[in-house]
Amino acid sequence: MVTTEQLGQYKTPWSTVGYLTAKRTYSRRFNADDADSPTEEWADIIARVVNAANNQLKVGFTDEEQQRLAQYFMELKGSVAGRFAWQLGTDTVSRLGLASLQNCAFTTVDHPVRPFTWAMDLLMLGSGVGYNIQRKNVEKLPIVNERFSCPTRVDTADADFIVPDSREGWVKLLGKTLKAAFLSDTVNTFSYSTKMIRGKGAPIKGFGGTASGPEDLCLGIERISKVLEKRRGKKIRPIDALDIMNIIGAVVVAGNVRRSAQIAIGDCDDVEYLLAKRWDLGNIPSWRAMSNNSVVADNIGDLHEFFWDGYEGKGEPYGLINLRLSPYIVTGK
């Protein structure tokens, strides 16, 4: 077992920015119940990570290997992934396993509920999420119910759904909203209460940070519902799927998770998608800043003229992906 006292013999070659980044990004409170509790120093973080490699990940380091690994980390000669530095050694990993340690995840938007709720869940755990919103995938979603309307927040005990004060509770509210829009012939809307959700500023024990309160979640559900209401009686488009994902990302960021990294993959001739981040045109929703956008093309000649506008200072440049060279994304193998 490594202790912070043992690590005091090593000197960390910090720059000012490096130390501040480590404190801001990876340092946890010593007392998760106290929002004013002191936070870890670098030696505390390293001791937590190295010890958890054996205790939680069952790596099986010897005492000598633990000491040598800790020395490398202390002297910045090596590092674990940022997710590991933040989460290893916490109850979150004990409860959720490797899901809370993932840096990156990917899904295809070809189902009306699962891709969105799965993305929200992974984003709230801190993973970056990529998603494919090409027409051939989004067209598999059913038509939006003609009678769908935004769920009503009532904050009373007789609401149809009492949102649990948990990550899972937030995800379930999103899922119920999407099911009402796409999958229900009878329940076109519902009421929900956020009375169980802790108030703004309350400490979040497992994941760290402080709670944002329910307002950002409610605003996100309202915005997603407006996107869906505009498509009542029709199928949603890739641009609508992008907006739903981006709004989810905005909710996650506002919910006091450290980040919400997204990459969207769309068709190279989808004009609505290509113009999604043309800030210079005005009237672009702010939540579209939540994703880096890329297009699929096998040949440069397939690219729409709007693709190049981002490289000429109009909006943001889009990435270029050749799926034939990315077999994992295509086949999952």
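Tutor: Let us begin with one pair, keeping in mind that this is a predicted model. D309 and R278 are both buried, and they form a salt bridge in which the closest N and O atoms are 3.1 Å apart. This pair links distant parts of the chain, since D309 sits in helix α13 (residues 305-309) while R278 sits in the loop between α12 and β7, 31 residues apart.

Student: Where in the chain do the two partners D243 and R288 lie?

Tutor: D243 belongs to helix α11 (residues 238-254), whereas R288 is found in the loop between α12 (271-274) and β7 (291-296), so that the pair links distant parts of the chain, 45 residues apart. Their salt bridge brings the closest N and O atoms to 2.8 Å, and both D243 and R288 are buried.

Student: Are D267 and R135 buried or exposed, or something in between?

Tutor: The reading rests on the relative accessible area, with buried meaning under 20% and exposed meaning over 50%. D267, at 12%, is therefore buried, while R135, at 30%, is partly exposed. The side chains of these two residues meet in a salt bridge of 3.5 Å, taken from N to O. Because D267 lies in strand β6 (residues 262-267) and R135 in helix α8 (residues 135-138), the pair ties together parts that are 132 residues apart in sequence.

Student: What else does the side chain of D267 reach?

Tutor: The side chain of D267 comes to 2.8 Å from the backbone nitrogen of R135, and a polar contact of 2.9 Å joins the side chains of D267 and Q134.

Student: How many disulfides does the structure hold?

Tutor: In general, a disulfide is a covalent bond between the sulfur atoms of two cysteines. In this structure the number of disulfides is 0.

How values were computed
Residues are numbered from 1 along each chain as its sequence is written. This is a predicted model: local features need pLDDT of at least 70, side-chain atom pairs count only at pLDDT 80 or more; totals for chains, interfaces and linings use all residues. Side-chain values use heavy atoms; hydrogens and water are left out. A salt bridge is a side-chain nitrogen of Lys or Arg within 4 Å of a carboxyl oxygen of Asp or Glu. Helices (H or I, at least four residues) and strands (E, at least two) are DSSP runs, numbered from the N terminus. Buried means under 20% relative accessible area, exposed over 50%, partly exposed in between (1.4 Å probe, protein chains only). A disulfide is a pair of cysteine sulfur atoms within 2.5 Å. A polar contact is a pair of N or O atoms within 3.5 Å; within protein, one must be able to donate a hydrogen and the other to accept it, and residues adjacent in sequence count only if both atoms are side-chain atoms.
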